[in-house]
Amino acid sequence: MNAPAKRLTIALAGNPNSGKTTIFNNLTGTRQKVGNWPGVTVEKKEGVIQRDGYELKIVDLPGTYSLTPFSIEEIVARDFVLEAHPDVVIDIIDASNLDRSLYLATQVRELDCKVLFALNMADVARSRGIKIDAQKLSELLEVPVVFTVGNKHEGIDVLIAEAIALSERGAAATPSRKVKYSKDIEAAIGALRDFMAARSDLALPYEPRWTAIKLLEDDKIVTARVLEKTGAFGAEILAETARLRSHLMDRFDDDPEILMTDERYGFIAGIIKEVVTTSTRQRVDISRNIDLVLTNRFFGFPIFFFFIWAMFQLTFTLGAYPMEWLDAGVGWIAQGFSALLPDGLLKDLVLDGVIAGVGSIIVFLPNILILFFFIALFEDTGYMARAAFLMDRIMHLIGLHGKSFIPMLMGFGCNVPAIMAARALESEKDRKLTILITPFMSCSAKLPVYIILAGAFFGPRAGTVIFAIYLSGILVSIVTGRLMRSTLLRGADAPFVMELPPYRVPMLKSLMIHMWDRSKIFLRKMGGIILAGAVIIWFLTAFPRHIDYTTDYTAAAEQVGAAFNERMLAAAPEARAALEAERRTALDKIETAREAERTEKSYIGRIGRFLEPVFAPIGISWRGGVALLTGFVAKEIVISTLGVLHAVDSADEGDALQRALHRTGMTPLSALSMMVFVLLYLPCLATIAAIRRETGSLRWTFFSIAYSTSLAWVAAFGVWQGGRLLGFS
Amino acid sequence: MDSMRLSDMREGQRATIVRIGGSGPLRRRILEMGILKGTEIRVEKYAPLRDPLEIVVKGSHLSLRVEEAAQITVEKVR
């Protein structure tokens, strides 16, 4: 029997755009698991690989510029190193961006862990005339350094071998390798450390010097942890910290954390002077030349809109073919089951509940795959940062980041991928706000509802009305954005300081992994929730089984049948075909009437009746209410439910439904009210599943549902009551 | 001396950072991205809507909003 493999955890740290993800993809390939870090919406990626008799768990930490806990990503990365104690941390250093990479690296090095540097993309740096002495860097920082070229798979094996070797070596921290601060700051660090060391019975949560530095930097998280661990003595530590901080502030007229940031960069400048030789002037900066066009004052926007247009165009035209195949496939499966299963409850459940429900969502898979391919392409090439650069001025009006534009725009197509695309946003607040307002971008599934309603009641002005509805959605999102920014999601509007990384040729493998990861999530999680939801709605419409009909439809059908049979016998042979058609129409009419009554008396109909007082003040009948309820599964269903409830035969829906709506007393005003309600009210099941998944919070999901639905009601109330006051009907 | 706000600089101009104002996370974030006192920068361009702007610091391109750039005092390099 084999000895059980030794397990090691290796964490990858590094700046965004440092090639960290490429190295991670190279290491783990398709064996990676993508999920969220517990409690937050930050993507967590890990993968397990076997190497030299070891089982290595590779964890991709979020890409960050520092470990000061401003953003959730930084907190996640730091906590992982501090609390989960990975065996080795590999810090990926972008050789072409040494200053900033080393800033994070020195911070990682200050943590109590085994560190290894991967000097990545040294080839790019060399082409820019930057030569780095890795040996010297390794000596100065006392950290092993390995050269890697992530996208060519160079040095990756050495890196892993080195990481394993490092894990086998003894204790981690050697005191000599810390950043040395200036005299006054070192004095303060020393004083605070001694102050804490004087109480030898104290168990500090972290290494003493590091703790002292973080306390002086006013690091809220470390302060809280220290207080928690030191009990009564904690207050004294805080008082001492405050004293030392104010002393430093008096002396330098600046916050200690700023001074220390400055000095770390000073320390880095010293290192760079020793390890880097820059030969000649920079060569042509290709990225810069590309940007001369892509973010040009005149061409920037047209090109951007062209890209977006092309993305949508391709998503829907290319996606239409596989969509048809899937649709046919679903139909084929439905037929198969229909033939296989005996008539009865199970058959209804499988056909009308499971297959109809899941089938209606699965057909969107091609669209989602293609859309995510383009998003991944934008991200991997570096264009996403340019899009944010172009759009930020506009998005900032709503209190959002330029990058929010893409998810919001995608919302007009389908909210599910749109909400998933909000992952591209770095700040959690931006992400939540974007997720909250994206459903107000009227998705394509709502369009049929507007077309029927506006077409029926606004005639030639239908187009204008629909346009106004779309516009209202955008307006609501702006108002919501501003509102949330000054209430629930108040606080630091994430600073826009953003890197415009050099353009890169994307790697197909990375694009595929990106696309597949997200689509997998769509399939797996959405599948479960949608399945459950579809079955529930089916149950509510199909039950109770026994209904006391007001008319005996079976008898009526028999009567009609018999009457036609007589006429048929009497009729001339050539008139029989017409008569046969007439008979079928008559029978269908009876069948639809029965179906209308059945739905009215089913549970969902009863719920609709029960909710009538809720819908009455906004001018929507109980039928409309039921239709809106079923629209919870998918918005397209609103129309088909209205059809069923108005006893319109599905074969000639459009016109007949419009006539039926007029008959049952719907007016232009109530149609408008209903459209406004459809625009704003609770998102469909798939979208809710996406919100739940992406925010990672049930409370936030419920808030989103409650907010949009109450807003919808209030707006529809305003339209209906206000309209009536103004004398419209 | 040619002291001015970063947000008042024109495209293509070079400058040395003199002071970074503002407070809290934003200020520290600016520092952490390598925009420090004494660093030389170049204003690469303004976005089509005149906000944000793109600057080059030590060979890497960064963008920041005009309101953020207004907190940074620079000295023009001739």
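Reply: Start with what a contact is: two residues are in contact if their C-beta atoms, placed from the backbone, lie within 7 Å. Keep in mind that this is a predicted model.

Me: How many residues of chain A are in contact with chain B?

Reply: On that criterion, 28 residues of chain A are in contact with 26 residues of chain B.

Me: Which elements of chain A give two or more residues to that side?

Reply: They are α3 (98–110), α11 (256–275), α13 (300–340), α16 (383–396) and β10 (498–499) of chain A. The largest share, 5 residues, comes from α11(A). Sorted by class, the side of chain A that touches chain B holds 14 nonpolar, 6 polar and 8 charged residues.

Me: Which strand of chain B is joined to β10(A), and how do the two run?

Reply: Strand β5 (residues 60–64) of chain B is joined to β10(A) by 2 bridges, and the strands run antiparallel. Within this pairing, Met498(A) is opposite Ser63(B) of β5(B).

Me: Now helices. What describes two packed helices?

Reply: The angle between their axes and the distance between the axes. In this model, take helix α31 (residues 685–695) and helix α32 (residues 698–725), both of chain A: their axes come within 8 Å and cross at roughly 140 degrees. Angles over 145 degrees would count as roughly antiparallel and 65 to 115 as roughly perpendicular, so α31(A) is oblique to α32(A). The crossing is right-handed.

Me: Which residues make the contact between α31(A) and α32(A)?

Reply: From α31(A) come Ile688(A), Ile691(A), Arg692(A) and Thr695(A), and from α32(A) come Leu698(A), Trp700(A), Thr701(A), Ser704(A) and Ile705(A). By class, this contact has 5 nonpolar, 3 polar and 1 charged residues.

Me: Next, the backbone. Which residues does the cis peptide bond in chain A join, and where is its proline?

Reply: For a cis peptide bond, look at omega. The bond between Phe543(A) and Pro544(A) is cis, with omega about -5 degrees. Pro544(A) is in the loop between α22 (508–542) and α23 (553–570) of chain A. In chain B, the peptide bond from Asp51(B) to Pro52(B) is also cis, with omega near -5 degrees, and Pro52(B) lies in the loop between β3 (40–46) and β4 (53–57).

Me: What is phi of Asp218(A)?

Reply: Phi is near 65 degrees, a positive value in a residue other than glycine. Asp218(A) is in the loop between α8 (208–216) and α9 (220–230) of chain A.

Me: Finally, confidence. What does the model score?

Reply: The model has ipTM 0.95 and pTM 0.79. Chain B averages a pLDDT of 88, with 99% of the residues scoring at least 70.

Note on methods:
Residues are numbered from 1 along each chain as its sequence is written. Chains are lettered from A and ligands numbered from 1 in the order in which they are written. This is a predicted model: local features need pLDDT of at least 70, side-chain atom pairs count only at pLDDT 80 or more; totals for chains, interfaces and linings use all residues. Helices (H or I, at least four residues) and strands (E, at least two) are DSSP runs, numbered from the N terminus. Ala, Val, Leu, Ile, Met, Phe, Trp, Tyr, Cys and Pro count as nonpolar, Asp, Glu, Lys and Arg as charged, and the others, Gly among them, as polar. Two strands pair if DSSP finds at least two bridges between them. Axes are lines fitted to C-alpha atoms, for helices over the stretch in contact, and angles run from 0 to 180 degrees between N-to-C directions. Angles under 35 degrees count as roughly parallel, over 145 as roughly antiparallel, 65 to 115 as roughly perpendicular and the rest as oblique. A crossing is left-handed if the near helix is turned anticlockwise from the far one by less than a right angle, and right-handed if clockwise. pLDDT is the predictor's confidence in each residue, from 0 to 100.
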